[in-house]
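Subject: Structure for you to look at

Hello,

Here is the structure I said I would pass on. Please open it before reading further, so that you can find each place as it comes up.

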Amino acid sequence: MTANISTTSSKNDLVLEGRGLRCVRGERQLFTDLNIRITSGNCLHVRGENGVGKTSLLRLLTGLSKPESGEVFWCDHSIAIDPATYHRELLFLGHRDALKEDLTALENLQMYAALDDVALSQEQALAALWRFGLRGRENLSVNCLSAGQKRRVLMARMLTRQAKLWILDEPFNALDIEAVHELRNLIIEHIASGGLVVLTSHQEVHIPNVQVLEL
Amino acid sequence: MTANISTTSSKNDLVLEGRGLRCVRGERQLFTDLNIRITSGNCLHVRGENGVGKTSLLRLLTGLSKPESGEVFWCDHSIAIDPATYHRELLFLGHRDALKEDLTALENLQMYAALDDVALSQEQALAALWRFGLRGRENLSVNCLSAGQKRRVLMARMLTRQAKLWILDEPFNALDIEAVHELRNLIIEHIASGGLVVLTSHQEVHIPNVQVLEL
Amino acid sequence: MNQVNNSSFSNSRLINWFKLSSPSAFYPLAGKLIPIFWALAAIFGLAGLWISFFVAPVDAVQGQGYRIIFVHVPASWMSMFLYLVMAAWAGLGLVFNTRLSAMMAQALAPIGAWMAFLSLWTGAFWGKPMWGAWWVWDARLTSELILLFLYLGFIALQASIDNPRRADKAGAILALVGVVNVPIIYFSVKWWNTLHQGASVSLTKAPAMAQTMLWGMLLMALCFWMYSIAVGLMRVRAIILEREAHTDWVRQLSEVKN
Amino acid sequence: MRALLAIIRRDLLLVMRRKSEVLTALFFFVVVTSLFPLGIGADAALLRKIAPGVIWVAALLATLLGLHRMFAADYQDGALEQMALSPQPMVLLVAGKIIAHWMVCGLPLVLLAPIIGIQFDLDANSLSVLMATLLLGTPVLSLLGSIGAALTLGVRGGSVLMSLLILPLYIPVLIFGAGAVYANSVGLDISGHFSLLSALLILALAFVPWVSAAAVKIAIE
Amino acid sequence: MRALLAIIRRDLLLVMRRKSEVLTALFFFVVVTSLFPLGIGADAALLRKIAPGVIWVAALLATLLGLHRMFAADYQDGALEQMALSPQPMVLLVAGKIIAHWMVCGLPLVLLAPIIGIQFDLDANSLSVLMATLLLGTPVLSLLGSIGAALTLGVRGGSVLMSLLILPLYIPVLIFGAGAVYANSVGLDISGHFSLLSALLILALAFVPWVSAAAVKIAIE
Amino acid sequence: MWNSPAEFFAMGGYALYVWSSFGACALVLLFEPLAVRARFKAIVQRLKQEQLAEQFDRESGK
Ligand code: HEM
Ligand SMILES: Nc1ncnc2c1ncn2[C@@H]1O[C@H](COP(=O)(O)OP(=O)(O)OP(=O)(O)O)[C@@H](O)[C@H]1O
Ligand SMILES: Nc1ncnc2c1ncn2[C@@H]1O[C@H](COP(=O)(O)OP(=O)(O)OP(=O)(O)O)[C@@H](O)[C@H]1O
Ligand SMILES: [Mg+2]
Ligand SMILES: [Mg+2]
C-alpha cells in the first residue's frame with residue numbers, strides 16, 4: 001500500500017515528516033513507501049481496520065521501533081540521530097497506560113514530570129487532575145481507579161507535559177461522553193497553540209484542521 | 001430449607017435478578033438498593049460516567065465479587081449457593097482480554113472450550129475465527145495480534161461458547177467500525193434466540209429490546 | 001413447634017454474642033478492660049521478679065546464670081500460645097466472616113513475634129555461657145526460629161495486601177497452615193535428641209525443679225500473659241478505629257470529637 | 001477429569017512454547033549446586049558430607065523459582081478469573097496446575113539428581129536414596145508452594161514475599177529428605193525418614209489443593 | 001542528575017509502598033542461610049568451614065530474586081517505553097534503577113551479615129572481613145544483574161532464564177568474596193582478594209550501565 | 001542472698017548474659033505499648049482532622 005499525505009503550513013515552524021516508510025511485521029508487509037508530513041497547528045487522524053498497522057506506524061514515528069526502510073524527520077533532522085531533543089518535544093500515549101498501580105495519581109504525575117524534566121508544582125498537578133474529574137481521588141492508588149479514570153490521569157499528563165508533538169493511540173477508549181468531549185477540547189486547544197497531533201481512533205473525531213490517513 | 005418446591009416453568013424463561021444490591025469500594029459507596037431484572041430475549045445496557053461503578057456491578061452479577069448486601073438470583077436460585085451451574089450458563093468478558101499471549105488464537109479458543117466443557121471441533125473453531133476476520137492469523141501467537149484483533153478472538157469465543165447469559169464489559173473497545181457492526185449482529189442474534197445480555201458501553205448501542213440502566 | 005422455639009432461643013443467645021463481636025460494642029468494653037489487665041500484669045510481674053531475684057536459690061550447676069529462665073520460659077510459652085490464639089481468631093474470622101476476630105488476629109501477631117524474638121534472644125544469651133555457643137542448630141531452636149518466620153510472614157502478608165477484607169482472609173489461611181509448627185516446637189525435645197532442655201513442668205510427673213523456681217516461672221508467665229492481653233486490646237482498639245474510620249459510631253466517639 | 005487434563009495440557013503447552021523454560025529450572029538446579037564447590041573449596045570429604053543438604057536446598061530453591069508462574073500470569077491477564085467462572089470446581093483447576101508445575105519443576109530434578117550427586121562424589125547407594133527422597137519430596141514442595149503462590153497473587157513484591165511464606169513450611173521436607181541421605185551414608189536405618197516423607201506427601205495431597213483453591217478464590221474476589 | 005535522583009526516589013517509593021518489600025530480600029537471605037544447617041547438620045566445625053560459601057551464595061540468590069523487579073514491571077505496563085521517550089539518556093535511568101536495587105537488595109545484606117555469621121559461629125575478625133567483601137561485592141552483583149534483567153525483558157519465564165544468564169557472571173565475585181573470608185580464617189593474606197574485588201567493582205561501574213541501557217533499548221523496540 | 005548491690009549486679013559473673021536478657025525483655029515490653037499508643041494517637045488525630053474538614057465544608061457550603 002502506498003499513501004501520501006501532507007499538510008500545507010503557512011509558516012515554516014515545526015514539521016514531522018516520514019519519508020518512504022516501510023513496515024514489516026513477521027512475514028507481512030503492513031505498508032510501504034508511506035510519506036507523511038504534518039506541520040504546526042495540524043492534526044493527523046490515522047484510520048483503518050483492525051490490524052492494518054496503525055499502532056505500528058505510530059511507534060515508528062516515536063522512534064520506539066525502526067522502519068524497515070525510510071526515515072522519520074523532525075524539523076528536517078532525522079530522529080534517529082538525536083533522539084533526546086526529539087523526545088523533549090514528544091508525548092506518546094500507547095494502548096497501555098504506563099501508570100504505576102501502586103502510586104497515587106498525583107505521584108504518578110509528579111514522577112513523570114521529574115523524568116520529563118518539566119517543572120511541576122503540587123498545585124499545578126492537582127489542578128490538572130481536578131480538571132479531569134479526579135477531585136477527591138488524587139491520593140487513591142491507581143489500581144483503585146476505574147478504567148476510564150486511569151485514562152483521565154493520562155489526560156492530566158498531556159496537560160502538564162509541555163510537548164509540541166502528541167502521538168496518541170486510541171485516546172478515546174474507555175472514556176465516557178463527557179471525557180471524550182473534554183479530550184477533544186484539549187486537542188483543539190493544543191493545535192490552536194501551534195502543536196501537532198497524530199492520533200488513531202475508530203470513531204469520528206470532530207476536530208478542525210484534521211487530515212485523515214486511511215491505512 | 002429442605003422442601004424446595006421448584007416451580008420452574010417448562011418454558012425456558014431465564015431470569016437474572018439482582019435484589020437490593022449494595023456495593024462499597026474502599027470507603028465509597030458506589031450504589032445501594034439496586035434492583036435489576038432481565039429476562040430471556042432482553043439486553044441491559046449499563047451506562048454512566050467513568051468510575052460510577054459499572055464494572056463493579058458486572059462483577060457482582062458474575063459472582064466474582066460479593067455484594068455488601070443484597071443477592072443475585074439466576075432463575076430464582078441464589079448464585080452464591082450453586083455457582084457451578086450458574087457459570088455453565090455464563091460468559092463474562094472483562095476489561096482485560098484473558099488470552100494467553102504465547103498461544104495462538106486457535107489454541108486459546110480450544111483451551112477455553114475444554115475448560116468450559118464445550119465440545120468444539122477444529123473446524124468449528126476455525127470457522128468462528130474466520131467469521132471475525134482472523135483468517136490467516138489462526139496460528140499466529142496472540143501477542144502478535146493488534147489490539148482489535150485480540151478482541152475479535154474474544155468474539156469468536158462468544159460464538160463458540162454456548163452460554164445463555166452474556167456479561168460484557170465495554171465490548172466495543174478497540175474494534176473498528178466493521179467489527180462493531182459484526183458484534184452488534186452477534187448480540188442481536190443471541191437475544192433473538194432467547195439469550196440474555198448485560199453490557200456496558202460509552203457509545204450508543206443500536207440493539208432491539210435494550211433497556212438502559214443509568215448508574 | 002418445640003424445635004422452632006428452641007432454635008429461636010439459641011438464636012437470641014447467638015445474637016447477644018454477635019452483638020459483642022461487633023467492633024462498636026467491643027471498642028468501649030476493651031477500653032474498660034485494659035487497665036485491669038495492666039494492673040494484673042504489674043502485680044504478677046513484681047511478684048515474679050521478686051521471686052526470681054531474691055527468693056529463688058542459686059542453681060548448683062549453672063550458678064546465677066540460670067535466672068534467665070524467668071524470662072526465657074514465659075517468652076517461649078507465650079510465643080507458642082499466642083500463635084494458637086491468633087490462628088484461632090483468624091480461623092473464626094474466616095469461617096464466620098466476623099470482622100472483629102480478624103482484627104484480633106492482626107493485633108496479636110506483633111506481640112507474638114516479639115515474644116518469639118525474646119525467646120530466641122534470651123535463649124542465645126543463655127546458650128553462650130551454658131553451651132559455649134550463641135546458636136546451635138537444634139530442633140527446638142530451629143522450630144522456634146520458624147515460628148518467628150511464620151509470625152513475620154503473617155505480618156508481611158497482611159501489610160502487603162491493600163484490601164483489608166482480602167488481607168484478613170489470606171492471613172487466616174497462612175496462620176492456619178502454620179499451626180502445624182507449634183506441636184513440632186513443643187515436642188521437638190522429645191522427638192529428637194537435642195541439647196535443649198526437656199519439659200520440666202508436667203502435670204503427670206512431679207516437678208523436676210525447685211518449688212520456688214517453679215513459682216517464679218509461673219508468676220512471670222502470668223505476667224507475660226496479662227501483658228499480652230493488655231497490649232493486644234490496646235492494638236485492637238487502634239485497628240478498629242483505622243478500619244471503621246468512616247462509620248457513624250466512630251464519629252460519635254468522645255475521643256474523636258473536637 | 002477432562003478439565004483436569006485440559007488444564008495440565010494447557011500449562012505444559014505454555015511452558016513448551018518457550019522452550020527455554022523447560023530447561024531453566026533444571027539449569028538453575030545445576031548452577032546452584034555447582035556454586036557450592038566454588039564457594040567452599042574442593043575438599044572431597046567435605047563435599048560428600050554437605051552434598052545431601054546442598055542438593056536438597058537447591059531443589060527447594062529451584063521449585064520456588066518456578067512457583068510464581070503457577071498462578072501469577074493467569075491472574076494478571078484475567079485468565080484465572082475466567083477459570084473461576086468456568087463450570088469446573090476450583091480445586092480441580094488448582095490440582096491441574098500443581099501437577100503441571102511438578103512435571104516441569106519437580107520431576108526433572110529427580111531425574112537429574114544422580115548426575116549432581118556424582119559431582120559431589122556420592123556412591124550408588126546414596127544416589128538411589130537421594131532420588132527416592134526427591135521423588136517423595138518434590139510433590140510436597142509443589143503442593144505447599146501452591147499455597148504461597150495463591151496467597152501472594154496480585155501482591156506487589158509477591159515472589160519474594162512468597163519465598164518468605166513458603167520456605168519455613170518446606171523445612172520439614174528438607175530435614176527428612178536430606179536426613180535420610182545422610183543417615184544412609186552413615187549406615188543408619190532410614191525407613192523412619194521415608195515413612196515421615198510419605199506421611200507428609202499424603203497429608204499434603206489430601207489438604208493442600210483445597211487450601212490453595214480457597215486462597216485463589218480470595219485473590220480473585 | 002535531577003533525573004537520576006528522580007528515578008531512584010521513584011523506585012524506592014514504589015518499594016516503600018509495600019512496606020514488606022524492604023524487608024523481604026533480607027528475610028530471604030536469613031531463611032536461605034538457615035536452611036543449610038538444617039540440611040547439612042549441626043556440626044559447628046563443619047558449619048564454620050562452609051559459612052563463607054553459604055552466606056555468599058545466599059547473598060547471590062537474594063540479589064537475584066529482587067532483580068526481576070528492576071525493569072520487568074515497568075516494561076509490562078509500558079512505563080519503560082515512556083522512560084525511553086523522556087529526554088533523559090537511557091544510561092542515567094538504568095543507573096538510577098541499579099542504585100535503587102542495591103539500596104534495597106544489597107545494602108541490607110551487608111548490614112545483616114554479622115548476625116548470620118554468628119549463627120555459623122564465626123569470630124569477630126571473620127565477620128568484619130565478611131562485611132567488607134559484601135560491601136565491595138554486592139554492588140557488582142546488582143550491576144551485573146541489571147544486564148540479565150534487561151536482556152530477559154518480555155521473555156516468558158524470564159526470571160528463570162535470567163538466573164541462568166547471570167549466575168555464571170557472578171562466579172568470580174563469589175570466588176573472591178568467599179575466598180577472602182576463608183583465607184582470613186586460615187591466616188592467609190587477603191589484600192589480593194580485596195584488590196581483585198575492587199577491580200571488578202570499578203570495571204562493572206564503568207561499563208555495565210551502558211550495556212544494560214543498550215539491552216533495554218533492544219527490548220523495547 | 002545478696003550481700004551488696006554490686007554483688008547483685010554482678011550476678012555471679014553472669015552479668016552480661018542475665019542483664020542482656022532481662023534488659024532486652026524490659027525494652028521490648030516497654031517499646032510495644034508505646035508504639036501502640038503512638039499508632040492510636042495518630043489515628044485519633046486523623047479522625048479529628050477529618051471531622052474539622054467536614055465542619056469547614058459544611059460551614060462554607062452554607
Ligand atoms: C535461642 C535459643 C533457645 C530457644 C529458641 C529456646 C526455646 C525454648 C522454648 C520454645 C521453650 C518452651 C518449651 C517447653 O516449655 O517445653 C523453652 C523452654 C526452656 N528452655 Fe529454651 N530455648 C533456647 C535456649 C535455651 C538455653 C540455652 C537453655 C539452657 C541452657 C534453655 C533452657 C530452657 C529451659 C530450662 C526451659 C524450660 C523447659 C520446661 O521447664 O518446660 N533454653 N525454650
Ligand atoms: N479501594 C478503593 N478505595 C476507594 N475507591 C475505590 C477503591 N476501589 C475502587 N474505587 C472506586 O470505585 C469506582 C470503581 O468503579 P468501576 O471500576 O466499577 O467503574 P466503571 O463504572 O467501570 O468506570 P469506567 O467507565 O471508567 O470503566 C471508582 O470510582 C474507583 O475510584
Ligand atoms: N510477528 C508477527 N508476525 C506476523 N504478523 C504480525 C507480527 N506482529 C504483528 N503482526 C501483524 O501486524 C499487525 C499489527 O498491526 P497494529 O498493531 O499496528 O494494528 P492496528 O492498526 O493498531 O490495529 P488495532 O486497530 O486493532 O489496534 C497485525 O495485523 C498483526 O497480525
Ligand atoms: Mg492498535
Ligand atoms: Mg469499567
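Below are some notes on one whole chain and then on a few single residues. Please keep in mind that the model is predicted.

Chain F

Start with chain F, which has two helices and zero strands. Its radius of gyration is 25 Å, while the globule rule gives 11 Å for 62 residues, so chain F is more spread out than a compact globule. The C-alpha trace of chain F spans about 75 × 20 × 10 Å along its principal axes.

Of the 62 residues in chain F, 32% are buried. The chain exposes about 4,000 Å², and 63% of that area comes from carbon and sulfur atoms.

Next, go to chain D and find T138(D) in helix α6, which covers residues 124-151. Is T138(D) buried or exposed? Its relative accessible area is 1%, and a residue counts as buried when that value is under 20%, so T138(D) is buried. A polar atom of its side chain lies 2.7 Å from the backbone oxygen of L134(D). Leaving out residues up to four places away in sequence, T138(D) touches W102(D), G106(D) and V110(D).

In chain C, V73(C) sits in helix α3, residues 69-96. V73(C) has 13% relative accessibility and therefore counts as buried. How far apart in space are V73(C) and M217(C)? They are 144 residues apart in sequence, but the distance from C-alpha to C-alpha is 7.1 Å.

Most residues other than glycine have a negative phi. The next two residues have a positive one.

In chain A, E170(A) is not a glycine, yet its phi is positive, at about 45 degrees. E170(A) lies in the loop between β8 (165-169) and α6 (177-192). With a relative accessible area of 7%, E170(A) is buried.

In chain B, A98(B) has a phi near 55 degrees, again a positive value in a residue other than glycine. Where is A98(B) found? It is in the loop between β6 (90-93) and α3 (105-116) of chain B. A98(B) is buried, as its relative accessible area is 3%.

Regards

Note on methods. Residues numbered from 1 in each chain as written. Chains lettered and ligands numbered in written order. Predicted model: local features only at pLDDT ≥ 70, side-chain atom pairs only at ≥ 80, totals over all residues. Heavy atoms only, no water. Helix = DSSP H or I, 4+ residues; strand = E, 2+ residues; numbered from the N terminus. Rg over C-alpha atoms; globule rule 2.2 N^0.38 Å. Buried < 20%, exposed > 50% of the residue type's maximum accessible area, 1.4 Å probe, protein only. Areas by Shrake-Rupley, 256 points an atom, 1.4 Å probe, with all protein chains shown as cover. Polar contact = N/O pair within 3.5 Å; in protein donor to acceptor, adjacent residues only side chain to side chain. Contact = heavy atoms within 4.5 Å.
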